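Look at the sequence and the model together while reading.

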Amino acid sequence: MPAAILGILVGWLALNKFYLGYTKEGIIQLVLNVVTFGAASVIPFIEGILYLFMSDKQFDDTYVYGKKGWL
């Protein structure tokens with residue numbers, strides 16, 4: 001739940017990536033947001049919505065144990 005809220009509300013800062021422990025992906029997201037003047041903020045927003053609709057088990061399997069960094 002916290003990763004979803006971070007992705008939706010402050011995804012432009014890539015806090016959802018850093019919260020999940022994906023430092024490399026978080027830095028890439030920050031750079032993309034700077035280069036595209038914030039247009040890349042749609043990516044963490046969509047990820048946040050996807051996080052909300054996943055079951056806890058599916059989220060854990062995908063992002064905690066599976067270490068999937070992107071959609």
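Lys and Arg count here as positive and Asp and Glu as negative, while His and the chain ends are not counted. The place of a charge is taken as NZ of Lys, CZ of Arg, CG of Asp or CD of Glu. On this basis the protein chain carries 5 positive and 5 negative side chains, with the centres of the two sets 6 Å apart.

The model is a predicted one, in which local features need pLDDT of at least 70 and side-chain atom pairs count only at pLDDT 80 or more, while totals for chains, interfaces and linings use all residues. Residues are numbered from 1 along each chain as its sequence is written, and side-chain values use heavy atoms, with hydrogens and water left out.

Which elements make up the chain? There are five helices and zero strands, and from the N terminus the order is α-α-α-α-α. Helices (H or I, at least four residues) and strands (E, at least two) are DSSP runs, numbered from the N terminus.

The C-alpha trace spans about 35 × 20 × 15 Å along its principal axes. The radius of gyration is taken over C-alpha atoms, and the globule rule is 2.2 Å times the number of residues to the power 0.38. For 71 residues a compact globule would have a value near 11 Å, and the protein chain agrees because its radius of gyration is 11 Å.

Of the 71 residues, 32% count as buried. Buried means under 20% relative accessible area, exposed over 50%, and partly exposed in between (1.4 Å probe, protein chains only). The chain exposes about 4,400 Å², of which carbon and sulfur atoms supply 74%. Accessible areas come from the Shrake-Rupley method with a 1.4 Å probe; for residues, only the protein chains shown count as cover.

A contact means heavy atoms within 4.5 Å. Among contacts with a separation of 6 or more, 49% are between residues 24 or more positions apart.

Glu 47 is found in helix α4 (residues 42-53) and counts as buried because its relative accessibility is 1%. Leaving aside neighbours within four places in sequence, Glu 47 is in contact with Asn 16, Lys 17, Gly 69, Trp 70 and Leu 71. Asn 33 lies in helix α3 (residues 23-35) and is buried at 7% relative accessibility. With neighbours within four places again left aside, the contacts of Asn 33 are Gly 11, Trp 12, Gly 38, Ala 40 and Ser 41.

Now consider the aromatic rings. Rings of Phe, Tyr and Trp (its six-membered ring) pair if their centres lie within 6.5 Å; planes under 30 degrees apart count as stacked, over 60 as edge-to-face and the rest as tilted. This rule gives three aromatic pairs. One of them joins Tyr 51 and Phe 59 edge-to-face, at 5.3 Å centre to centre and 85 degrees between the planes. Tyr 51 is buried at 6% relative accessibility, and Phe 59 is buried at 15%. The rings of Phe 59 and Tyr 63 have centres 5.3 Å apart and planes at 40 degrees, so this pair is tilted. Both residues lie in helix α5 (residues 56-65), four residues apart, about one turn of the helix. Tyr 63 is buried, with a relative accessible area of 3%.

Is Asp 56 buried or exposed? Asp 56, also found in helix α5, counts as exposed because its relative accessibility is 63%. Asp 56 and Ile 43 are 13 residues apart in sequence and 21 Å apart in space, C-alpha to C-alpha.
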